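Please examine the following structure, which is the subject of this report.

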Amino acid sequence: MDSIPWTTVSYLLVPELVKVLAILYSAYYVLSAVYIVTLSPLAGIPGPKRRKFSYLPCAFASLKGRESYAVRDLHDKYGPVVRVSPEMVSFIGPTAWKDIYGYPAVKKFKKSGYLQLRPGVPDVLTANGVDHARQRAALNRAFSEKALREQEHHLQGHIDLFMERMEQRCDQVEPINIVQWFEFLAFDIIGTLAFSSSFHCLENQRYHPWVTLLMNFFKSVHYFLTAKKFGILFPILIIFGPIRDLIKGREHFRRSFQKVQERLKMPDNDRRHDFWTYISRQNQEKQGSMSIREMEVNAAILIPAGSDTIATTLAGCCYLLLKNPNTLARLRIELTEKFTSESEITMVNLSGLPYIKAVVNEGLRMYPPLSGDLRREVPPEGATISGQFIPGGVIVSVYALAAYDSVSNFAQPYRFTPERWLTTDERPDWTKNDHLEVCQPFSVGPRNCIGMNLAYLETKLILARLFFRLNLELMDDAFEIGKQRVFIMREKPPLRVRLSHRM
Ligand code: HEM
């Protein structure tokens with residue numbers, strides 16, 4: 001009898017092998033699910049079972065841009081500590097920020113899931129330890145009070161043009177989408193501060209192609225990070241996803257690197273005062289503070305970090321003010337009591353005004369630009385967060401939106417009430433038990449937002465000048481904040497307003 005060739009044997013064995021592998025995989029999946037729900041050290045942490053043993057609910061909500069809202073709903077149901085996925089726990093209690101991101105935790109909790117922009121070149125967002133401290137010291141100089149004062153003329157110059165564009169649209173029947181104009185303004189400002197070279201969006205009255213590219217890139221990075229949660233399906237999802245935008249993102253890095261090179265070749269100028277003016281000084285005084293390659297990657301971070309966040313804050317504050325005419329009226333009283341003309345609205349003159357700062361704080365609470373997770377990995381020995389012991393290796397985070405929308409932290413969280421942020425005597429009684437320390441839109445500790453003071457200055461200047469000079473009428477509710485989607489940054493629908501002169 002002829003023997004059966006080996007190729008035929010192996011062909012016959014393939015289905016059997018697949019069956020065995022499928023059984024083994026299913027057994028592994030079921031056993032690990034039982035372990036995760038019953039015996040794992042995280043088993044006791046509340047949360048729905050489907051999230052405890054699968055990434056899929058989290059991944060699907062992320063793909064829809066609704067994960068921050070889903071986590072908020074979980075906290076509403078399960079309390080201040082919630083298991084949001086097999087490896088991750090979310091906290092919204094008053095001490096959570098300090099326990100995870102403050103001193104001394106920051107030395108032990110490493111960032112998790114962040115991508116280094118250029119392998120082998122530390123950048124401020126992902127570097128750890130000494131590299132981060134060194135780069136942060138150099139950058140701090142560019143964001144100091146002194147630097148801000150010296151940079152104010154750049155901001156005011158761009159706001160002048162923004163106001164001119166708004167003037168040109170006064171009394172026209174067709175409403176404008178002011179979100180777009182806030183984006184033009186924020187990008188032009190950061191272009192000037194980061195490269196001494198504006199994007200000229202306000203001048204040309206349209207998005208610079210780089211800005212469009214960057215906005216699509218955010219979305220594709222969000223998709224990439226979400227697709228990773230689908231495990232073996234990752235390559236397929238990436239191929240059929242917005243791969244082109246992801247690849248095009250390289251153009252952002254190429255352009256940023258080139259702009260830094262161009263900027264460093266510019267001759268000295270007393271009025272320039274962009275970020276590199278200060279970083280170069282730091283380099284002269286303390287050699288090796290930031291190498292040119294590090295400058296390049298940090299420039300690629302500063303552009304998105306300092307633009308869309310600002311445009312989002314402006315859009316949120318503007319929408320909330322227009323929805324709450326009494327609050328807007330109180331803001332106008334503060335402005336008109338202090339200023340007789342718009343030219344008096346400066347950084348120094350705004351610094352003593354409590355209400356506009358309270359408006360921005362409340363806008364950031366109800367509409368945080370970064371509303372999702374800031375992931376950190378618990379050190380191997382474990383750590384106590386909000387009174388709860390969490391074993392090493394677990395990923396933890398405060399979800400900003402969930403924390404700020406929670407009735408356990410803020411009375412009537414969906415009511416826009418800047419008065420919460422005033423001194424104790426001026427706060428309404430019903431807000432006096434609010435945990436204001438929970439609202440940390442810029443994060444806390446040594447890895448908090450380096451641009452925080454710039455962000456306050458910029459948003460206050462723009463809002464003050466806009467509402468001092470013009471009337472804005474909200475034309476529809478397309479901007480409704482609760483319905484928006486988040487793909488790292490918020491996807492902002494049109495905020496349609498009609499403009500008219502106040503005086
Ligand atoms: C309203 C506006 C802004 C908000 C809400 C905001 C929020 C944040 C948050 C939450 C972080 C921590 C990120 C993390 O831990 O992964 C951060 C970091 C950072 N932000 Fe901002 N940001 C804003 C504006 C700006 C501006 C204007 C700049 C600069 C031009 C900037 C530059 C940075 C940088 C460089 C970091 C990394 C800091 C480090 O790791 O040491 N941000 N920001």
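How far apart do the C-alpha centres of domain 1 and domain 2 lie? The distance between these C-alpha centres is 49 Å. Domain 1 covers residues 1-39 and domain 2 covers residues 49-501, with bounds taken from an automatic or database domain assignment.

This is a predicted model, in which local features need pLDDT of at least 70, side-chain atom pairs count only at pLDDT 80 or more, and totals for chains, interfaces and linings use all residues. Residues are numbered from 1 along each chain as its sequence is written.

The ligand is surrounded by 23 residues, a residue being near if its C-beta atom, placed from the backbone, lies within 6 Å of the molecule. Ala305, Gly306, Thr309, Cys449 and Gly451 are the closest.

The shell comprises 16 nonpolar, five polar and two charged residues. Here Ala, Val, Leu, Ile, Met, Phe, Trp, Tyr, Cys and Pro count as nonpolar, Asp, Glu, Lys and Arg as charged, and the others, Gly among them, as polar.

An open sheet of mixed pairing is formed by five strands in the order E1-E2-E8-E5-E3, where two strands pair if DSSP finds at least two bridges between them. Strands E1 (81-85) and E3 (110-111) stand at the edges with a single partner strand each, so one side of each has no neighbour in the sheet. Strands E5 (residues 376-377) and E8 (residues 395-398) run antiparallel and are joined by two bridges; Arg376 stands opposite Val396 in E8.

How values were computed. Helices (H or I, at least four residues) and strands (E, at least two) are DSSP runs, numbered from the N terminus.
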